[in-house]
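Welcome, and take a moment to look at the model shown here. The paragraphs after it lead you through its parts step by step.

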Amino acid sequence: MILLFKTSSRQNKWRLLFPILLYCAALTPGICLAHQSPNTNMLLDVNTKMVAVELQIPIPELALSFKRNISESPATIVEQYGDQLKDYLKAHIHAYINKDNPWDVEIVSMNMDKGTQVLSGPPFWELRVHLNLLPNKNEDTRKFILDYDVVMHEVINHTTLVSVRNDWENGVITDNPVEVGVISRDMQTMTIKPFEINLKKGSSWKGFTGMFRLGMEHIKNGTDHLLFIITLLLPACLLVSNKKWTVYGGMKYSIFRLLKIITAFTIGHSITLLIGALGLVKIPVQFIEIIIAVSILVSAIHAITPLFYGKEIFIALGFGFIHGLAFSQTLQNLHLVSMDLALSVLGFNLGIEAMQVAVIAATIPWFIIMSQTRYFRIVKNVFASLVSMAAIGWILQRVTGNGNLVSDATDKLLLFSPWLILGLCLFSLTLFALAKRTKKAVEAENTVFLQNS
Amino acid sequence: MKRKIVLCITSAVVMTAIFIACKKDSSSSTTSATVTALTCSSATISATATLNVAYTGTASIPYTGGNSVAYSAGSAISSTGVTGLTATLAAGTLSSSGSLTYNITGTPTSSGTASFAITFGGQSCSFTVTVNATATDCSSSTGVAKVVCLANAFLATLSTTQQASVVLTLNLANAKLWSNLPCGLSCRDGLAFSSLTTAQLTAAKAVIAAATSTTTDQGYDEFLKINNTDSVLYAAAGGGYGPGYYVICFLGTPSTTGKWMLQFGGHHYAGNITFDAGSVVSITPSHQGLEPKTWTNANGTVIAPLADEETAMANMLASFSSTELTSAKISGSYSDCLMIPGSTTNTFPSTKVGIQVSSLSSTAQANVLLAMARWVNDLDSTSAAAFMTIYTNELSSTYVSHARNSSGISGSASSFFTTNTDYVRIDGPSIWIEFICQTGVVYPSQIHYHSVFRDHSRDYIGL
C-alpha cells in the first residue's frame, strides 16, 4: 500500500493565475503569452440542476465598456453601481439551448477583489460576479450555447478564458479548473460568436465515485487529520493506574478501545460534514484550522499523560465535529442540490473513511505490537513530544499566517510518510524481538537462580 | 511522576520555541573548508579569451566531499603558459558536492593555453583557458555579410554551452517566441544579456547594430534606448524589469547562403529579422513600446525614442480633413494592439477598415508614407529601402483607421494620442502597423506607448 502524503492544504488555492497558466500550458507548450491588458476569467461549476458561474472581470477593461468612471474609487464600485452593473451584465450574458426560450440568469453576488495578471506587474482591481444560469424544465446543463460579450462588445482586443472548475457528473471536482476555451472577437469577421459549452456525458455514478476519490485524496493530503487520530490511538492499548499509562491491556481491550475511538471520530465528522455541506453554518477556515492543530496538541499530551482516560470517545466526537467542518469546506463551492448533494456527502465521507482505515491499518498493528514491550513508554513519549512540537508549529503557522521552522520541517518530513511507516514497522518488530529475548533471558536467569537456591 | 510529565511537556514547548527562534543563526562554525576531490579536468569556462583583448569570465571547478563550511574570496592567481590573466576564488559555502567559482580577468599577452594552478581545501589541480589568436575582423564586410561575420565573431566568444543556447532550430514555434512582456527568457529563447561577459555583450550588440539603422532614435539607437528605459522601470518597480533581461537568439546558423533569423528584444522590444541567401527577406514581427515615454538620463539627455513615431502618426491623422477623420474612425475601444503575441487568435482581420489611402489628399498620402517609414527605417538602410518600395507600391490599397482619439481634430497634431486607448492602424496588402496609448503600468498617471509592425505575407516567412 502506497501512501503519498502532501503538505496539508485545504484552502482554496485556486487563483486567477491558474487558468492562464493552464491555458498557456495547453495551447503553447513552454511559453506563456499573457497579454498586457488583462483578460476576464470565467469559471463554471456544472451540476444537474444549473450552471454556477464565477466571473473575474478586470476593472481597467470594464471601465471602457461600462462607460462610467469606475476606475476612480474601485473599492466601492459595487455599492455605487450595483444595480446598473447587474443590468449591464444581464444585457451581455445569455444562455440557451433554444434561442427563443433563453435560460434565467440570476446574479447571486458581486464583490471587488484585487487580481494580478501573470507577468504584468502591479495588481489591479477586478469585479467578481457569482451568477447562476438556470435552464428551462428538462433542459440539459451539459450542452448549451453561451452568448457572452461582457467588456468584449466594446473592447475589441479583450478575451475571456472559460474554465470548468467543477463538473459533478464527470467526477471533476478539483481546485484546478480545466480550460475549455476562449471567448473573443473572431479576427476574420470581427464578430463575437456564441460559445458552445459541450461537456462529456457524465452520470450520477461518476459523480459519486469522483466524490469518493476526492474524500480519499483529502485525507491523503490532510496530514493533520491523520496525525490527530493516530496520536489519539497511540496509547489506546494501555491500561491506566494511578493516573499514569501503565501496561498493555490485552488484545480484546485494545481492539474494543480502538474501534470506539475511531467510530466516535467518524460519527463526529460525518455530522458536521453534512451540516457544513448544506451551508447551514459558516465558520472561518482559519479558525477551524487552528482548532485542528490544537486538537493534535491535546491528543499528544494525552498520549504522554492520560488527561481524559475512558472519555476518549467524547474527545474524538468533539474534535470529529471540527474536522468535519474542515472537510465540508471542499463541498461548499460545488453548488450541489438535492440528490447530488446526498450522493456527494456519502461518497466523500466513504472516501475519507476508506483512506482513514487504510492508514490506521498500516500503523496501529505496530503500536499494538510495541505496546506489549516495556520500551513502548519511551517510544510513545518521544513520538507524542514530536507530535506536540509539530502541533505547536502548526498553531503558530495558522495564527500568524506564516510558515515557521517547525511547521515547514514537519510538512517536509511528512512527504516521506510511506518510509516513516515502513521504519515504524521494522522498529516495532525489532523492539518486540528484543523484548522477547530479554524476557526469555530473565526467565532463564530466574530458573537458574531457583535451581541454585 | 507528575512533575516529570509536566517537565516533559514544558521541554517540548521550550524546544519548539527555541527551534523557531533560532532558525536564522545556525552556522557560526569556524572549521576550515575541506574537500576530498577537485576536478579541474571538468572545469567549465564561461568564454574563450582573445589575444590582446580585455577578458572577463568565470571558471567553475567541480568538487566532491565538501564539509559544508563557508569560505572567503581568495587572492589572485596568475596564469602560466599564456600570461596576463588572473583567477580569483569567489567566496561561497561548500555543500557535499558542487563547484568553486573563479573570476578570471586580464588581457592575454599571447595565444594558446593559459593555466591556473589552484589549491583549495587540501586539494590541488590545474585548469586551463583557451586564448584565440585574433578577434574576427568584420570591418571590411558590408550588408548581410557583415551581420553574419559579426554573428560568428559573437559565437566565437561563447562557451559551447552558451552556443547551444543561442543557436536554435529555425521553425515556426521558435520564430513565434517573441513578446511585449517583461518575462525575460521565460517567454523567449536565446541568451540573456545579464548572462554575458562585457566582451560577449559587446559582440552581441555589434550583431544587432549591423542589422539595424544607425540613425538617432531609429534602429540600434532606439533599441538601446528602449533597453535602457527598462532600468528606469527597474529602479521604480524592480521585478522582472531591467536591461539584463533582454535576449539575443539565432534561429538557424548565421550564413550568407542559408536561411536564418536574428531575434533580439525584451520588455517593450521585439526584433525579428530573417536572412535568406545573403539578403533580408523579412523584418517583422516587430514590437516597440516605451514606459515612461520620456525621461532624462544622468547626462541630462532626454530619452524619448518613440516620440518621432508618435509625431509621425499624429501628423498623418492631423493632415486628414474632418470628413476623412470621421470615415477613418472605427467603433469600439482598444486597450492594446491587436497583433501583439497572445492576443486572441493573432490572425489578421480579413477586412480592412477605415479610409483607403488613395482617397486622401496627396499631402496626407505622403504623411502615411512618412509614418510607415518610422518603423521600416529601423532596419539597415539597404533593406529598409527595399521594403519601403514594396509598401509604397501598395500605398493606394492601404487603409488607415483610428479609434477613440476623442480630442483629435483635423489640423492639430498635438490633439491626437493624448489618453489611454487612443489608437491608430495602417493596414495594407502587406504592411500592418498599430500604435496605441495605454495607461502606464508602473506610472499609472501617465500614458505609455505600444506599437507593432507586422507584414501580412512576410511574418515568419516560409515557416
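Helices (H or I, at least four residues) and strands (E, at least two) are DSSP runs, numbered from the N terminus. By that rule, chain A holds 12 helices and 12 strands. To find your way, note that residues count from 1 along each chain as its sequence is written, while chains are lettered from A and ligands numbered from 1 in the order in which they are written. This is a predicted model, where local features need pLDDT of at least 70 and side-chain atom pairs count only at pLDDT 80 or more, although totals for chains, interfaces and linings use all residues.

Let us begin with confidence. The predictor's confidence in each residue is its pLDDT, from 0 to 100. Chain A has a mean pLDDT of 79, with 82% of its residues at 70 or more. Over residues 1-35 of chain A, pLDDT stays under 50.

Now for the inside of the chain. A residue is buried if 20 or more other C-beta atoms lie within 10 Å of its own, exposed if 12 or fewer, and partly exposed in between, with C-beta atoms placed from the backbone. Of the 453 residues in chain A, 44% are buried. Two residues are in contact if their C-beta atoms, placed from the backbone, lie within 7 Å. Of the contacts in chain A with a separation of 6 or more, 76% join residues 24 or more positions apart.

Helix H2 (residues 59-66) of chain A is mostly covered, with eight of its eight residues buried. Among them are Ile59(A), Leu62(A) and Phe66(A). What covers the buried residues of H2(A)? The cover includes strand E2 (51-58), helix H3 (77-92) and strand E5 (124-134) of chain A, together with strand E25 (431-439) of chain B. After H2(A) comes Lys67(A), with a positive phi near 60°.

Next, find an open sheet of three strands in chain A, in the order E3-E6-E10 with antiparallel pairing. Its edge strands are E3 and strand E10 (195-198) of chain A, each pairing on one side only. Two strands pair if DSSP finds at least two bridges between them. E3(A) and strand E6 (residues 143-148) of chain A share four bridges in the antiparallel sense; Ile93(A) has Tyr148(A) in E6(A) as its bridge partner.

What about the nonpolar cores? A nonpolar core is a set of buried Ala, Val, Leu, Ile, Met, Phe, Trp, Tyr and Cys residues joined through C-beta atoms within 7 Å. The largest has 156 residues, and those with the most contacts inside it are Val207(B), Met313(B) and Met372(B). Helix H2 (residues 143-156) of chain B gives the most to this core, with eight residues. A second, separate core of 62 residues includes Ile219(A) and Ala384(A). Beyond four places in sequence, Met313(B) touches Ala371(B), Phe417(B), Val424(B) and Phe435(B). Ala371(B) and Met372(B) are among the buried residues of H9(B).

Finally, visit a loop. Gly279(A) lies between helix H6 (251-277) and helix H7 (285-304) of chain A. Is Gly279(A) partly exposed or buried? Gly279(A) counts as partly exposed because it has 13 C-beta neighbours inside 10 Å. The C-alpha atoms of Gly279(A) and Leu331(A) are separated by 9.2 Å, with the two residues 52 apart along the chain.
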